[in-house]
Each structure stands twice: as structure tokens, then as C-alpha cells.
Amino acid sequence: MASSSGQNGIQLLLAAEQEAQHIVNTARTAKQARLKQAKEEAEKEIAEFRAYMEAEFQRKLEQTSGDSGANVKRLEQETDAKIEHLKTEAERVSPDVVQMLLRHVTTVKN
């Protein structure tokens with residue numbers, strides 16, 4: 001009888017071990033499924049964020065590109081105005097410069 005109860009105890013232990021193994025396997029499978037779900041959710045959020053940032057970048061690029069044409073035109077106008085101013089000033093002071101150069105070239109120093 002002692003061997004019969006010992007045999008039953010071993011059978012109970014084996015059954016309990018199998019049940020524990022089954023519980024561990026179920027938990028492991030559930031954990032892997034949850035990790036896979038979390039990864040998919042994170043990838044989705046990353047894709048949404050990337051699309052949002054790309055849209056913001058494109059919007060800002062369009063804003064600055066539109067302004068770029070206006071800036072180029074404005075800079076060209078300012079440059080032309082400065083060139084005209086320099087030409088006018090050169091024409092105004094040219095006779096004085098020529099006179100000064102002639103005076104210095106023709107003056108003889110001993």
C-alpha cells in the first residue's frame with residue numbers, strides 16, 4: 001500500500017508539473033502575442049509620426065520656396081538700385097578725380 005500511495009503521489013506530482021508547464025507555455029505564448037501586438041502598434045505610430053513630420057516639412061518647404069522667388073526678385077531690384085547709385089556717384093566724382101590725378105602727375109617735386 002505504501003508503494004501504491006507513493007505511486008499516486010508521483011502521479012500527482014507529474015500531473016501538477018505538466019499542468020504548470022502548460023500554464024507557463026500559455027503565458028509565454030500570450031507574452032509573445034502581446035509583444036508582437038505592441039511592436040505592430042509602435043510601428044503604426046512611427047509611420048503616422050513620420051507622415052506627419054514629412055507633411056510639415058513639405059508645407060514649410062513650400063512656404064519658403066514661395067518666398068524664395070519673391071526674395072530673389074527683391075534682391076535683384078536692390079542690387080540694380082545700388083549699381084545705379086554707384087554709377088551716378090562715379091559720374092559725379094569722376095571730374096574731380098581726374099583733376100586730382102593730373103595735378104599730382106604734373107607737379108614736379110625736387
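Before I start, the cut-offs I need: buried is under 20% relative accessible area, exposed is over 50%, and partly exposed is in between. I also note that this is a predicted model.

Entry, the annotation. I checked UniProt, where an unreviewed entry lists residues 28-59 as "coiled-coil region". In the model I find that stretch 100% helix and 0% strand, with its end C-alpha atoms 46 Å apart.

Entry, the count. How many salt bridges does the structure hold? I get 3.

Entry, Arg 59 and Glu 56. I find these two in a salt bridge, with the closest N and O atoms 2.8 Å apart. Both sit in helix 1 (residues 2-106), 3 residues apart, about one turn of the helix.

Entry, Arg 74 and Glu 78. Their side chains meet in a salt bridge at 2.9 Å, N to O. Arg 74 is partly exposed at 38% relative accessibility, and Glu 78 is partly exposed at 36%.

Entry, Glu 89 and Arg 92. I have this salt bridge down at 2.7 Å between the closest N and O atoms. The two are 3 residues apart in helix 1, so about one helical turn lies between them. Glu 89 is partly exposed at 28%, whereas Arg 92 counts as exposed because its relative accessibility is 53%.

Terms used. Residues are numbered from 1 along each chain as its sequence is written. This is a predicted model: local features need pLDDT of at least 70, side-chain atom pairs count only at pLDDT 80 or more; totals for chains, interfaces and linings use all residues. Side-chain values use heavy atoms; hydrogens and water are left out. UniProt positions are given in the numbering used here, feature names are shortened, and annotations may be inferred rather than shown by experiment. Helices (H or I, at least four residues) and strands (E, at least two) are DSSP runs, numbered from the N terminus. A salt bridge is a side-chain nitrogen of Lys or Arg within 4 Å of a carboxyl oxygen of Asp or Glu. Buried means under 20% relative accessible area, exposed over 50%, partly exposed in between (1.4 Å probe, protein chains only).
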